[in-house]
Each structure stands twice: as C-alpha cells, then as structure tokens.
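Notebook open. I want to look at the packing first, then at the charged pairs.

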Amino acid sequence: MLIDKLYAICPETNVIGRKILALQYHAASERSILARIPSAEKRYEKFLELNSYDVSKVPLRCIASYLGMRLETLSRIRSKLVKELV
C-alpha cells in the first residue's frame, strides 16, 4: 500500500496518521452518541454542549442535516430555547 511505503520512507507520518485517525474516531463517536438520542431537542442540546465553537456561523440547514432533523424542527427548537432564556 502507498501509506505503508510512506511510513517506511518517513516515520513521522506514522505519528501524524495515528493522530488524525484518533481525531476522526473521536468525531465519529460523538456523531454516534448524537444519533442515538431519540429527542430532537435533546440532540440539539447535546450538539451545543459538544461543540464549543460559535455554531451561529454554521448554516442551519447543515446543522439540521447533521442532527438528522428537518430545518423546520431545528428552527422550532431554537426559538423555544431562546424564549426560555428570556
């Protein structure tokens, strides 16, 4: 395989490859956790908890797709959470 040749030529790539694999595994496990939450509202709350970056910069359609819900459902949940904060 090409990756094995790369590891043989440059051993540092082995470390880099393992770190990338670990990051991808962690992200996949987070997606798995989200997928098993039956309530759309709880999925969105867990998503906000897991993602510390500013999610307001991400298009809502992308978040809705990631969470496995319709855009209308996400909008309803977000407006409900805003009303609870006020």
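By nonpolar core I mean a set of buried Ala, Val, Leu, Ile, Met, Phe, Trp, Tyr and Cys residues joined through side-chain atoms within 4.5 Å. I keep in mind that this is a predicted model.

**Entry 1: the core.** I looked up the largest nonpolar core and found 13 residues in it. Those with the most contacts inside it are Tyr44, Phe47, Ile63, Leu67, Met69, Leu74 and Ile77. As background, nonpolar side chains in soluble globular proteins tend to be buried together.

**Entry 2: Tyr44.** I listed the contacts of tyrosine 44, leaving out residues up to four places away in sequence. Tyrosine 44 touches Ile63, Leu67, Leu74, Ile77, Arg78 and Leu81.

**Entry 3: helix 3 against helix 4.** At what angle do the axes of helix 3 and helix 4 cross? I get roughly 110 degrees, and the axes come within 10 Å. The range for roughly perpendicular is 65 to 115 degrees, so helix 3 is roughly perpendicular to helix 4. I noted the crossing of these two helices as right-handed. For the residues that meet, I have Arg43, Tyr44 and Phe47 from helix 3, and Ile63, Tyr66 and Leu67 from helix 4.

**Entry 4: salt bridges.** How many salt bridges does a search of the whole structure find? It finds three.

I took lysine 80 and glutamate 41 to begin with; their side chains meet at 3.2 Å, N to O. Lysine 80 lies in helix 5 (residues 71-85) and glutamate 41 in helix 3 (residues 40-50), so this pair ties together parts that are 39 residues apart in sequence. Lysine 80 is partly exposed at 41% relative accessible area. Glutamate 41 is also partly exposed, at 22%.

Next I checked lysine 46 with glutamate 49, where the closest N and O atoms are 3.3 Å apart. The two residues are three apart in helix 3, so about one helical turn separates them. Lysine 46 is partly exposed at 24% relative accessibility, whereas glutamate 49 is exposed at 60%.

The remaining entry is glutamate 72 with arginine 70, with closest N and O atoms 3.3 Å apart. Buried or exposed: which is arginine 70? I find arginine 70 exposed, with a relative accessible area of 57%. Glutamate 72 counts as partly exposed at 46%.

Notes. Residues are numbered from 1 along each chain as its sequence is written. This is a predicted model: local features need pLDDT of at least 70, side-chain atom pairs count only at pLDDT 80 or more; totals for chains, interfaces and linings use all residues. Side-chain values use heavy atoms; hydrogens and water are left out. A salt bridge is a side-chain nitrogen of Lys or Arg within 4 Å of a carboxyl oxygen of Asp or Glu. Helices (H or I, at least four residues) and strands (E, at least two) are DSSP runs, numbered from the N terminus. Buried means under 20% relative accessible area, exposed over 50%, partly exposed in between (1.4 Å probe, protein chains only). Contact means heavy atoms within 4.5 Å. Axes are lines fitted to C-alpha atoms, for helices over the stretch in contact, and angles run from 0 to 180 degrees between N-to-C directions. Angles under 35 degrees count as roughly parallel, over 145 as roughly antiparallel, 65 to 115 as roughly perpendicular and the rest as oblique. A crossing is left-handed if the near helix is turned anticlockwise from the far one by less than a right angle, and right-handed if clockwise.
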